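Reader: I am new to this structure and would like to go through it by question and answer. Please show it first.

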Amino acid sequence: MNRHGTIHFLRALWHPLDSRLKDYDMRKGFTRKPRADEPATRGKNYITPSGLQRLKEEHRFLLTRERPAVTKVVAWAASNGDRSENADYQYGKRRLRQIDGRNRFLTKRIDAAEAVDPESPRAGQAATRAFFGATVRYANATGTERVVSIVGTDEVDLNRNYISWVSPLGRALMKSAAGDRVALQAPGGTEYLIVLEVCYERISVEPFREPPGAEAPQKDYLVDANRPDEV
């Protein structure tokens, strides 16, 4: 494989991981430095079944597809001379460290996971009050209504109004029922919300999708590796 082909291949694999790491950085406030009142990240990792499946699929992809592909490129780059001045080698090793870090994180989250299905039958207060997996409709002081679903720290999706159960809003709504007035401790001060409805329904977490071209670069590498280097 020529130098340009190698760099193109490495970058094609690198950028999808960069995106996932950025997503992780957006959530790490909930998972890496928990407050004293956030026991979930030190013990059980409450998560919906579809959220847990997404973590497992990403972990499987990194372990069985992405890491082996990058390892092959690193081995090829290492055979080309002085590693200290080999940009391909250094780039690949850095990427492997990122993959391994993400895999360690995923392993810990999966091992600590306790899946809670929002659609499971509930009785008594568990069916009428907001707990993990609840979808809550509430109104603020101006009468503006909003609907949120309470999910795990690995499932936060503001575009879908999925909030973590250990977030300020999640904690404020926890154990509330229709008609309750709850206090949200916001940065600008205390805000009071009126809970209008609590229900439990299916929460569809965005599934893990392999990065575009994840298969193609690996095939291209296997073909080009058998060709003479271009001069």
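Reader: In which sense do E3 and E4 pair?

Author: This is a predicted model. Five bridges link E3 and E4, and Thr135 stands opposite Ser149 in E4. The sense of the E3 and E4 pairing is antiparallel.

Reader: Which residue in E7 is the bridge partner of Val136?

Author: Strand E3 covers residues 135-139 and strand E7 covers residues 189-199. These two strands pair over five bridges in the antiparallel sense. In E7, the bridge partner of Val136 is Val198.

Reader: How many residues lie between E6 and E7 in their hairpin?

Author: Strand E6, residues 181-186, pairs with E7 in the antiparallel sense over six bridges. One of the bridges joins Leu184 to Glu191 in E7. Between E6 and E7 in the hairpin, the number of residues is two.

Reader: Which strands stand at the edges of the sheet?

Author: The sheet is open, has five strands with mixed pairing, and runs in the order E5-E4-E3-E7-E6. Each edge strand has a single partner strand, so one side of it is left without a neighbour in the sheet. The strands at the edges are E5 (162-164) and E6.

Reader: By what angle are neighbouring strands of this sheet turned against each other on average?

Author: The angle ignores the direction of the strands. On average it is 45°.

Reader: Which elements each supply at least two residues of the largest nonpolar core?

Author: The largest nonpolar core has 20 residues, and those with the most contacts inside it include Val136, Ile150 and Val198. Strands and a helix take part, each with at least two residues. The elements are E3, E4 (145-151), helix H5 (168-173), E6 and E7.

Reader: How many residues are in the second core?

Author: This core is separate and includes Leu55, Leu62, Val70 and Ala78. Its number of residues is 17.

Reader: On which residue is the kink in H2 centred?

Author: Helix H2 spans residues 49-78 and reaches 42 Å from its first C-alpha to its last, close to the 44 Å expected. The kink in H2 is about 40°. The kink is centred on Leu62.

Reader: What separates the C-alpha atoms of Ala178 and Glu197?

Author: Ala178 is found in the loop between H5 and E6. Among the residues Ala178 touches are Val195 and Glu197. Ala178 and Glu197 are 19 residues apart along the chain, and their C-alpha atoms are separated by 4.9 Å.

Key. Residues are numbered from 1 along each chain as its sequence is written. This is a predicted model: local features need pLDDT of at least 70, side-chain atom pairs count only at pLDDT 80 or more; totals for chains, interfaces and linings use all residues. Side-chain values use heavy atoms; hydrogens and water are left out. Two strands pair if DSSP finds at least two bridges between them. Helices (H or I, at least four residues) and strands (E, at least two) are DSSP runs, numbered from the N terminus. A nonpolar core is a set of buried Ala, Val, Leu, Ile, Met, Phe, Trp, Tyr and Cys residues joined through side-chain atoms within 4.5 Å. Buried means under 20% relative accessible area, exposed over 50%, partly exposed in between (1.4 Å probe, protein chains only). The expected span of a helix is 1.5 Å times one less than its number of residues. The bend at a residue is the angle between axes fitted to the seven residues ending there and the seven starting there. Contact means heavy atoms within 4.5 Å. Axes are lines fitted to C-alpha atoms, for helices over the stretch in contact, and angles run from 0 to 180 degrees between N-to-C directions. Lists of a residue's contacts leave out its neighbours within four places in sequence.
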